[in-house]
Amino acid sequence: MDLKNNLRTETGWEIVEKSFDPDQLVTTGSNFMIGNGYLGYRGTFENWGPEEFVACVVTDTWDQAEGSRWSELCNVPNGLFTEIALDGETCSLFSGSLGEYHHALDLRHGINTRMMTWEGPHGKRLEFESRKFASADNHHLLVQQLRLRAMDDAILDLKTGILGEVWSLNGEHFKSHRPATLEGGLIGLILKTGELETKIAMAEGVRLGGKAPSETFEKISGRSIFRHFRFELKKGQQVVLEKVVGITHSNEMMFPLQTACDEVREATEKGFESLLLDHGKNWDTFWELSDIRIEGNLEAQVLTRFNLYQAYIATPTHANLPVGARGLSCQVYQGAAFWDQETYNLPMYAFTHTDIARRLVAYRFDTLSGARRKAEKLGYYGAFYAWTSGKTGDELFPDFFFTDVLTGRPIRNHFNCWQIHISPDVVYGIWLYYQATGDWEFILGQGAEVLFEVAQFLASRVHFKKDKNRYEIIRVLGPDEYHENVDNNAFTNYLSRFSLQKACRVFDRMQQESPERLQALLSKTGIAPGARKDWEEIAELMYLPEPDPKSHIIEQFDGYFGLEEIRPEALRKRLIDPDEYWGWPNGIAVHTQVLKQADVIQLLAMLDGFPQEVLTANYEFYEPRTEHGSSLSPSVHALVASRAKHPEEAYRYFMESATIDLYNASKKVMSGGSFLGGIHTAAAGGVWLIIVKGFAGFSLTDDGAAFEPALPETWESFCFTLRVRGCLLEVTLGRKGIRIRNREDSPQQIHVSLAGKGTWLEPGQVLQD
């Protein structure tokens, strides 16, 4: 099936680039990338370098670039570099001529494949095949197999090794590069970062098959180290090169080089096919619970799997580390966590692979000290989480992010100090994990401390209006980043009350069931026992913008209804420069009702309990006022549109969210001049939310799960698996209704509701409507 953007698919398990397009290097590099949560390797070609945006981004390597204000993940040298020359002519996509061309990404097993025939200016031809993957069995390893077959008699020169020059978005990260030949036939590169002196080790091993080389040698060239092989080939003869690259660093282990060498030697001996088999088994385990199978619409099928694939390879499964807003596809947004992690990425794992979900919520416990430091620095107490959070939880987001393209002056935004909803968002994520799993031990050991400290922060941040006998939250910034310095933002106030209520609930249960652990926690944190009463009072007296009795619309913040009423397309005409930033302090949207993303729609997507008329009225009011300047916006609009009984708009927004990356529909440069390429990991996670919470209408209840399905018109059926409090539910939705099966291997019965009517399902039982 042909897709948009020069792509096609055959089975829904692959994307195929139909022809080489040099104008899409950024997009193709992101879309065809491989990864395993520890490293991400862009889908670039073997002999490319920094100019073609080659990148291997490694998690837990945050470091400040030389002369930069940015602390970001490091892009390490390219260990899969290979350059081929045929009778002295370099084999390149930019010279000579291409015959057959096939570039594909296997979504089922995370394998990037390239096959082509190349003819040089001299008329000599070569068949080329490459398969590479980032091992899901050993996250330190990149593995590749190259097959080269001569179509004419020719001299083949092959240069392979580690290319030391890197594409770094904000400057140089390494103060030293030490290429070296290593024991056991390996070559390597030892790096040291400039700010924190993190040691990063790379080791490369190779295995040759087919025609033996007539000449071999190794050479250090500046920051790089290469192996050189010469082959005298007759027509039809082939060379097979297997490469294994190990990447380790001192933030993970004491002796990174030794570990890299040991693992590369072992892997090289095992060989490509054996490594591929082990790798594939790990991917099968992921898809067993995470796949969403769609019948009747192959495009929707491949789009869904593409986004689930990208969400997974962006997620560290080996350690308590964050999901970056661009994952490991590049250095944009520093490889750090935003609020997206809890609201867009976490839900999929909370209801499928709960071990991964636990790591994500445990990460917020591990970074609690950073949240405390931020609160104290800004004059508060408790836990104010970083808007942009790396290893320690200290704030990574700079005070000045955008540049005014009209004046050239930096713009002071307040994402890092006024977007206080980040702390309630963290609580939302922890509570979602607890509801999905029932893991009370996590709450006792880690979650309670986070909930209590966030409640303390909110107590220090709210303002009491004595004349109105209520608590307000002023001078904030909601998800809609075009409107800063607003009071009583609906999203912020509702989520803050949610957080305070959950803190009280955990406090009370601990007091009843585990009083010793509660007392130990209060002693550890210095929180007074009377704080719980303050949290309850603030929650009860918190001002919440209520739906208007007549229109049912919730005002996004105080004074929003009084702003100029204009639509985004009309407002856009006021731009002097197309790259102007629309928001604070002087952007064209600041004094209008035009939104970057709709806070009230986000609220309705996250919190249950709003009546149907409120869902519908707010969707219809805010949707035409939303500019969708954020990749997060389409997915929540799809979810709420589905609940608001607008199925056609729900599907339109599903397609918009699902194609942001694959169809090159996103901004590569944001208003304000910042480069924003790479994979939008929150949008990828949002696809799961749209289908499961939107189209299937899934929600949690006190006893289990409820469904209010709305099958897309162009789909025959879809099915998926949910893990809810230990039970595995197989859900199938088709034209004849919905079928829910509590699998035999579920540990207990579970209550399931359909259209308001519920029943208990024992393991093995089926509910069909």
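User: Which residue in S17 does Leu191 stand opposite?
Analyst: Leu191 stands opposite Ile200 in S17. Before we go on, this is a predicted model: local features need pLDDT of at least 70, side-chain atom pairs count only at pLDDT 80 or more, and totals for chains, interfaces and linings use all residues. Residues are numbered from 1 along each chain as its sequence is written, and side-chain values use heavy atoms, with hydrogens and water left out.

User: OK, and how many bridges join S16 to S17?
Analyst: Six, and the two strands run antiparallel. Strands here are DSSP runs of E with at least two residues, helices are runs of H or I with at least four, and both are numbered from the N terminus. Two strands pair if DSSP finds at least two bridges between them.

User: What about the turn between S16 and S17?
Analyst: They form a hairpin with five residues between them, and Glu197 in that turn has a positive phi of about 55°.

User: And how does S15 pair with S16?
Analyst: In the antiparallel sense, over eight bridges. His177 stands opposite Leu191 in S16.

User: Why is S16 largely enclosed?
Analyst: Because seven of its eight residues are buried. Buried means under 20% relative accessible area, exposed is over 50%, and partly exposed is in between (1.4 Å probe, protein chains only).

User: Switching topic: which residues have the most contacts inside the largest nonpolar core?
Analyst: Phe452, Phe654 and Phe707, in a core of 238 residues. A nonpolar core is a set of buried Ala, Val, Leu, Ile, Met, Phe, Trp, Tyr and Cys residues joined through side-chain atoms within 4.5 Å.

User: Which helix gives the most to that core?
Analyst: Helix H10 (residues 440-461), with twelve residues. Another core lies apart from the largest one; it has 16 residues, including Ile111 and Phe272.

User: How do H17 and H18 pack?
Analyst: At an angle of about 160°, with their axes 8 Å apart. Axes are lines fitted to C-alpha atoms, for helices over the stretch in contact (heavy atoms within 4.5 Å). Angles run from 0 to 180 degrees between N-to-C directions. That makes H17 roughly antiparallel to H18, since angles over 145 degrees count that way, under 35 as roughly parallel, 65 to 115 as roughly perpendicular and the rest as oblique.

User: Which H18 residues does H17 meet?
Analyst: Among them are Tyr653 and Phe654, and the H17 side includes His637 and Ala641.
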